[in-house]
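User: I would like to go through this structure with you. Could we take the helices, the rings and the charged pairs in turn?

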Amino acid sequence: MKYMKLKKLFALAVVFSFALPQMPILAKAATTEASTVIVSASVDYANWDANKAYVSGDTVTYEGKNYKAKWWTQGDKPGSADVWELIGTAPSNPSNNTYAAWDSSKAYVSGDIVSYQNSNYKAKWWTQGDKPGSADVWELIGAGPTNPSVSKPAEAPNDIWGYALNADKKFGKNGDFALLICAVIKKECNYGAGLSGSPSSGDGLMQVEPNTRNAYSGEFQSTYGHAYNHSNLQDQVYMGSMIINDNIKQFGNIYNGLLHYNGGPNWYPGATDSYGRPILADQYANTVYATYRSYGGKN
């Protein structure tokens, strides 16, 4: 019996002698597999677009997280609809350091990152309506959006330049459009300085009248993914920028787009308003276009 026990012990020792050298290899394999998952979780995908159709397997980034579509979808918000599978977190710092602009009407959760007045902030906990830079819920994490292809006009305030860059990014203009937006705001209200005491101060930075805002509200919703909020300065810039972009596309170039931004879609030389006064859209376009070019505009 002792002999048999020794034989069994010897056999077990042989088994372990072969098994033990493999353990580091198995551990290494497990480590490699885990690290692969972590790397895949931080891949940078295109931002989710509410107007775009996605099919099974398509991947997007939304509010700092990456999602994969399980089946065909359009307009279903990641994180809220079953069609989207969470597959990881988005990179914590985009290559161009640009995040979505803070929206006072939107709710944010811990870890969400926004851009506000040319600085980036990360939410520490749930928040809505608490202004970055003023509320403890927001942690300053660095400088805001930059675009190496253009330079901020010296007279443009940092916050308005940030709003213009965000709108520029939305339309994929590579910075030049931000210069045009600033030139329009300069003409309309002198970067906000001309609003105080003005009878049209309620029309905002880009002087878009209530009837026009209402007419474009549906397009605004589909373009930016939220309802227009006139008390939000970023939305004021978004609205005016969208209308200018539409006019540029409809009338062929920046100058003609400015003519109709000021004079309306049916403007023509010699046109008058309902009181018989001439609509001097050409003078408006000349001034704005000259400012845009002085800022470094190329088109």
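**Helices, rings and charged pairs**

Analyst: I begin with helix α3, whose buried residues are Ile160, Trp161, Gly162, Tyr163, Ala164, Leu165, Asn166, Ala167 and Asp168. Please note that this is a predicted model.

User: What covers the buried residues of α3?

Analyst: The cover includes strand β7 (113–116) together with helices α4 and α7 (233–251).

User: How many residues does α3 have, and what span does it reach?

Analyst: Helix α3 has 13 residues, and from its first C-alpha to its last it reaches 19 Å. That is close to the 18 Å expected at 1.5 Å a residue.

User: Which glycine follows α3?

Analyst: Glycine 172 follows α3, and its phi is positive, near 65°.

User: Let us move to α9. Which of its residues are buried?

Analyst: In α9 the buried residues are Ala281, Tyr284, Ala285, Val288, Thr291 and Tyr292. Viewed down the axis of α9, these residues fall within an arc of 135°, so they line one face of the helix.

User: And what lies over the buried residues of α9 as cover?

Analyst: Helices α4 (176–189) and α8 (254–263) are among the elements that cover them.

User: What are the length and the end of α9 like?

Analyst: Helix α9 covers residues 281–294, which makes 14 residues. Its first and last C-alpha atoms are 20 Å apart, close to the 20 Å expected at 1.5 Å a residue. Glycine 296 follows α9, with a positive phi near 110°.

User: Changing topic: how many aromatic pairs does a search of the whole structure find?

Analyst: The search finds 10 aromatic pairs. One of them joins tyrosine 108 and tryptophan 138 in an edge-to-face arrangement, 5.4 Å centre to centre with 70° between the planes.

User: Where in the chain do tyrosine 108 and tryptophan 138 sit?

Analyst: Tyrosine 108 belongs to strand β6 (residues 107–108) and tryptophan 138 to strand β10 (residues 138–143). The two are 30 residues apart, and the pair links distant parts of the chain.

User: Are tyrosine 108 and tryptophan 138 buried or exposed?

Analyst: Both tyrosine 108 and tryptophan 138 are buried. A further aromatic pair, between tyrosine 289 and tyrosine 292, is tilted, at 5.6 Å centre to centre and 50° between the planes.

User: Where do tyrosine 289 and tyrosine 292 lie?

Analyst: Both lie in helix α9, 3 residues apart, which is about one turn of the helix. Tyrosine 289 is partly exposed at a relative accessible area of 24%, whereas tyrosine 292 is buried at 0%.

User: Which residues do ring pairs link into a cluster?

Analyst: The cluster consists of Phe171, Phe177, Phe220, Tyr224, Tyr228 and Tyr238.

User: Now the charges. How many salt bridges does a search of the whole structure find?

Analyst: There are 3 salt bridges. In one of them lysine 186 pairs with glutamate 155, and the closest N and O atoms are 3.1 Å apart.

User: How accessible are lysine 186 and glutamate 155?

Analyst: Lysine 186 counts as partly exposed at 28% relative accessibility. Glutamate 155 also counts as partly exposed, at 40%.

User: Which residue forms a salt bridge with arginine 213?

Analyst: Aspartate 203 does, with an N to O distance of 3.7 Å. Arginine 213 is in helix α5 (residues 210–215) and aspartate 203 in the loop between α4 and α5, so the pair ties together parts that are 10 residues apart in sequence.

User: Why does arginine 213 count as buried?

Analyst: Its relative accessibility is 13%, and buried means under 20%. Aspartate 203 is buried too.

User: What else does arginine 213 reach or touch?

Analyst: The side chain of arginine 213 reaches the backbone oxygen of valine 208 at 2.6 Å. Leaving aside neighbours within four places in sequence, the contacts of arginine 213 are Gly202, Asp203, Val208, Tyr228, His230 and Met239.

User: And aspartate 273, which side chain does it meet in a salt bridge?

Analyst: Aspartate 273 meets arginine 277, at 2.8 Å from N to O. Aspartate 273 counts as partly exposed at 24% relative accessibility, and arginine 277 counts as partly exposed at 49%.

Key:
Residues numbered from 1 in each chain as written. Predicted model: local features only at pLDDT ≥ 70, side-chain atom pairs only at ≥ 80, totals over all residues. Heavy atoms only, no water. Helix = DSSP H or I, 4+ residues; strand = E, 2+ residues; numbered from the N terminus. Expected span 1.5 Å × (residues − 1). Buried < 20%, exposed > 50% of the residue type's maximum accessible area, 1.4 Å probe, protein only. Arc of directions from axis to C-beta. Contact = heavy atoms within 4.5 Å. Phe/Tyr/Trp six-rings, centres within 6.5 Å; stacked < 30°, edge-to-face > 60°. Salt bridge = Lys/Arg side-chain N within 4 Å of Asp/Glu carboxyl O. Polar contact = N/O pair within 3.5 Å; in protein donor to acceptor, adjacent residues only side chain to side chain.
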